[in-house]
Amino acid sequence: MSERIYGIDMGTNSIKIYQKETGVVFHQKNMIAIVNKKEALAIGDEAYSMYEKAPKNIQVKQPIVYGVIADFTAMQTMIEIIFKGGRRARNVMNGLESLSVNSNSEFYIAVPSDVTEVEKRAFYDLIASSSLRTKKVHLVDKPIADALGAGLDVMDATGRLIVNIGSDTTEISLISLGGIVQSRLLKVGGTKFDEAIQQAVKKKHNLVIGMKSAERLKVQLATGIKEDEERTADVMGRNLITGLPNRVTVTNHLIFEAMEESMSSIVDAVKFILEKTPPELSMDIMHDGVCVTGASSYVKNLDQLIQQETGLKIMKMDEPELTVVKGLGMIMENPAYERLANALQESSYQ
Ligand SMILES: Nc1ncnc2c1ncn2[C@@H]1O[C@H](COP(=O)(O)OP(=O)(O)OP(=O)(O)O)[C@@H](O)[C@H]1O
Ligand SMILES: [Mg+2]
């Protein structure tokens, strides 16, 4: 039987869970729907399907904001539902298998690097103060897990630059000898792209669209570099003037213009880290290039944009949203990586 040891990447957009010796066992939207202010109604993708559609007595919450825990109770409730099972949890899980824990279970949790100690500690407290019997928690620097999961050798004395473009954040980190030399958490990512698209469609077409529609337009039309050829997609929304539902056709050019500023700020942040990189490590990065992860790296030619602006080679991943959680898996499965995880017992954080 496989061991009950889990790695968790609590992303702003989705939660990814790796089970030792099994692999990625859970990947769902990081959302919880609460009814009448107290009872959990749904979690994950099902809660997301209620987002922007729920009546007043159902609140759909996103517990992580900008990579840190913004709603502790909501996040803890979700973790308890995912891991405890039981009849009540089964209703809320809507067909998803719960992941059982026992008293020997351990958790490896990926934590952003460029946040405060209090914000890091909250990830520990989440498990420690939960109703789960397991209290052994290892905190792992997210960029280290990310780099390992992307196939980079993080232990040697070579500088590695990794850029994770997620939903609320872009985390840019310079790694060497299993540690973080520099890291910057930028509050820009896929959500900013969606908001910019929402604004642009409103301005150009007088059409109010939801965040889900904006995201769909992004997935269909977004590009990191302006394309000559025109591509289009239709979107439904509410006309600002008539107040009636309406459909308009949006071009890739409008989407590019909407996202340009946010994409530039990501490029600028990469340049900023490069300027601060010690020369010996710069040479390594010149040689090996930059690794780009996070699901927003699916944006067509966003890697090209970074390549053009920095002159560095770009490494792209096949499943860029899973590199962090796969890296956690590598840490728990390979004793050579043991020192990359901080084992925290209850006493060390009191
Ligand atoms: N094919 C695609 N094209 C463009 N963007 C995409 C695509 N697929 C997913 N995304 C975007 O990727 C983002 C989610 O990325 P990811 O799963 O890496 O974030 P996260 O880890 O949950 O968040 P964070 O790391 O910011 O806390 C969303 O904004 C989503 O719209
Ligand atoms: Mg992420």
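Modeller: Happy to! Two residues are in contact here if their C-beta atoms, placed from the backbone, lie within 7 Å. Please keep in mind that this is a predicted model.

The domain assignment of the protein chain gives domain 1, made of 5–145 + 323–349, and domain 2, covering 153–316. Their centres, taken over C-alpha atoms, are separated by 25 Å. By the contact criterion, 18 residues of domain 1 touch 20 residues of domain 2. On the domain 1 side of this meeting place, helix α5 (residues 142–149) gives the most, with three residues. That side of domain 1 divides by class into seven nonpolar, six polar and five charged residues.

Ligand 1 involves both domains too: domain 1 and domain 2 each provide at least three residues of the shell around ligand 1. In total, 22 residues surround ligand 1, and the closest are Gly-11, Asn-13, Gly-166, Gly-190 and Ala-295. Sorted by class, this shell holds 13 polar, five nonpolar and four charged residues. Two helices, α6 (190–205) and α7 (211–221), each supply at least two residues of the shell. The most comes from α7, with three residues.

Now for the sheets, starting with the one that contains β11. Five strands make up an open sheet with mixed pairing, in the order β13-β12-β11-β17-β18. The edges are β13 (179–186) and β18 (314–316); each has a single partner strand, so one side of each is left without a neighbour in the sheet. On average, neighbouring strands of this sheet are turned by 20° against each other, direction ignored. Within the sheet, β11 (residues 160–165) pairs with β12 (residues 170–176) in the antiparallel sense, over six bridges. Helix α8 (residues 252–276) lies across β11, β12 and β13, and runs at about 155° to β13.

There is also an open sheet of three strands, in the order β5-β4-β6, with antiparallel pairing. Here β5 (39–43) and β6 (58–61) stand at the edges with a single partner strand each, so one side of each has no neighbour in the sheet. The twist from one strand to the next averages 25°. Strand β4 (residues 32–35) runs antiparallel to β6, and four bridges join the two. In this pairing, Ala-33 stands opposite Val-60 in β6. Helix α2 (residues 72–84) lies across β4, β5 and β6, at about 70° to β5.

Helix α11 (residues 323–333) is mostly covered, with nine of its eleven residues buried. Those buried residues include Val-324, Val-325, Leu-328, Ile-331 and Met-332. Lys-326 is also on the buried list, along with Thr-323, Gly-327 and Gly-329.

To come back to your request: the meeting place joins 18 residues of domain 1 to 20 residues of domain 2, and both domains also contribute to the shell around ligand 1.

Key: Residues numbered from 1 in each chain as written. Chains lettered and ligands numbered in written order. Predicted model: local features only at pLDDT ≥ 70, side-chain atom pairs only at ≥ 80, totals over all residues. Near = placed C-beta within 6 Å. Nonpolar A, V, L, I, M, F, W, Y, C, P; charged D, E, K, R; others polar. Domains from an automatic or database assignment. Pairing = 2+ DSSP bridges. Axes fitted to C-alpha atoms, helices over the stretch in contact; angles between N-to-C directions. Buried ≥ 20, exposed ≤ 12 C-beta atoms within 10 Å, placed from the backbone.
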